[in-house]
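This report is for a reader who has not seen this structure before.

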Amino acid sequence: MTVLALWHKPAVPLPFRVRPVRGETTLSFVFRLAAANELVRPTTLLRSIGHPDNTSPDQFMVLKNWDAQLNLAARERLAIFAGIPLERLARSLPMPGLRHGTTALATPSLHFAGVRATTRTHCPRCVAQIPGTPVIRVYSSAADSYCRRHQLWLGECAAQPPVNLSSAPEIAKALHRRDKLLRSDDDPDWISSHVNTAQDIMLAWRCNPDPLLQRRLTRRWNERDATVKAANHAHQLLPTRLLVLPESVILAEILTDPTWRRRIGLAELVHEQRPFYLHIAHRLGFRGWTAGLHTANDPLRRWVDQHQAQHRNTYRFTSRHPAPVR
Ligand SMILES: [Zn+2]
């Protein structure tokens, strides 16, 4: 008698459903679904979803930072077992695509891959509230980096411990504003490059706070750092780019503002540039101080020089309200 592999059998919705966490790895979700339905081994559900094409699944794969890549036929079976339409499931689970292998497309297939470098654990306090406190792994790039409910910044890799931001609400607000800024344009990569530029400028000011305005920022950052450390265990460190994020986002908003881009792009003389630097100082909360912002070696000044060299002629020969110059 021929014994059919589990994936040959028709998929049916399991009695208990599990809500996927945004950015969750497929394997993490499958193992939770198996646990909720009291399957003794989660690998039984894996083998029911599809044929493992590179290694034999084991029940500790989530702990070992593995994920399962599924072809379309296997995804459709997972959606049926989960009782969630595939389209909706895919909105939460990134489900990285299965490479084209030798397995026929019609055969539901699983391929296992290590994902340690790109994943981290979900918010520990959210997990603590889920019955059984399961291990939930998420892709850092697809999951929220901040848990609003518990005011925890969750880091971007497994090595980064969560940071309690309850004592620095301006950082949490900056994370929200940064995400809003990234969503504000049809070209998020362009916005993202300016967020990175603004962040690099702030990091340079943090490392080398020479002029007056930056010394004032240093005081603010030192106080913020001390406040966050006091609310966390001593060994937990706030990454510098998170420490300076509120100011980075403010600067990124200015660097991507079409009106200011045009104005500073055309401002050749020092007195014409002054309103731009005054505006930045004002938005950062320091009225009237621009000293040092436009000295030759300052990274902000270097951005201005580069921006002018790249776009001055475009601004000069276009009408007052053209499409934004990129
Ligand atoms: Zn949480």
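Two strands count as paired if DSSP finds at least two bridges between them. In this predicted model, strands in the order 6-7-8 make an open sheet of 3 strands with antiparallel pairing.

Strands of a sheet pair through backbone hydrogen bonds, in a parallel or an antiparallel way.

## The whole chain

The protein contains 13 helices and 8 strands. Its radius of gyration is 25 Å, well over the 20 Å that the globule rule gives for 326 residues, so the protein is more spread out than a compact globule. Along the principal axes, the C-alpha atoms fill a box of roughly 90 × 50 × 30 Å.

Of the 326 residues, 33% count as buried. Among contacts between residues at least 6 apart in sequence, 66% join residues at least 24 apart.

The largest nonpolar core has 36 residues, of which Trp153, Ala198 and Leu251 touch the most other members. Elements that each supply at least two residues of this core include strand 7, helix 8 (212–231), helix 12 (270–283) and helix 13 (299–316). Helix 7 gives the most, with 6 residues.

Which residues does Leu251 touch, not counting residues up to four places away in sequence? They are Ala198, Ile201, Met202 and Ile280. Another core, of 25 residues, lies apart from the largest one; among its members are Leu33, Ile49, Val62 and Ala82.

## Helix 2

In helix 2 (residues 42–49), 6 of the 8 residues are buried, so this helix is largely enclosed by the rest of the structure. The buried residues are Pro42, Thr43, Leu45, Leu46, Ser48 and Ile49.

What do the buried residues of helix 2 pack against? Their partners are helix 1 (26–36), helix 3 (72–82), strand 2 (66–70) and strand 3 (109–114).

## Helix 6 and Arg178

At 1.5 Å a residue, the 15 residues of helix 6 should span 21 Å, and the end C-alpha atoms are 21 Å apart, which agrees. Ile171, Ala174 and Arg178 are buried in this helix. These three cover an arc of only 50 degrees around the axis, which puts them on the same side of helix 6. An α-helix has 3.6 residues a turn, so residues three or four places apart point the same way. The face of helix 6 turned away from its buried side carries the exposed residues Pro169, Lys180 and Arg183. Helix 7, helix 9 and helix 10 are included in what covers the buried residues of helix 6.

Is Arg178 buried or exposed? A residue is buried if 20 or more other C-beta atoms lie within 10 Å of its own. Arg178 has 22 other C-beta atoms within 10 Å, so Arg178 is buried. Not counting residues up to four places away in sequence, Arg178 touches Val195 and Val249. Asn232 is 54 residues from Arg178 along the chain, and the C-alpha atoms of the two are separated by 24 Å.

Methods: Residues are numbered from 1 along each chain as its sequence is written. This is a predicted model: local features need pLDDT of at least 70, side-chain atom pairs count only at pLDDT 80 or more; totals for chains, interfaces and linings use all residues. Helices (H or I, at least four residues) and strands (E, at least two) are DSSP runs, numbered from the N terminus. The radius of gyration is taken over C-alpha atoms; the globule rule is 2.2 Å times the number of residues to the power 0.38. A residue is buried if 20 or more other C-beta atoms lie within 10 Å of its own, exposed if 12 or fewer, and partly exposed in between; C-beta atoms are placed from the backbone. Two residues are in contact if their C-beta atoms, placed from the backbone, lie within 7 Å. A nonpolar core is a set of buried Ala, Val, Leu, Ile, Met, Phe, Trp, Tyr and Cys residues joined through C-beta atoms within 7 Å. The expected span of a helix is 1.5 Å times one less than its number of residues. The arc is that of the directions from the helix axis to the C-beta atoms.
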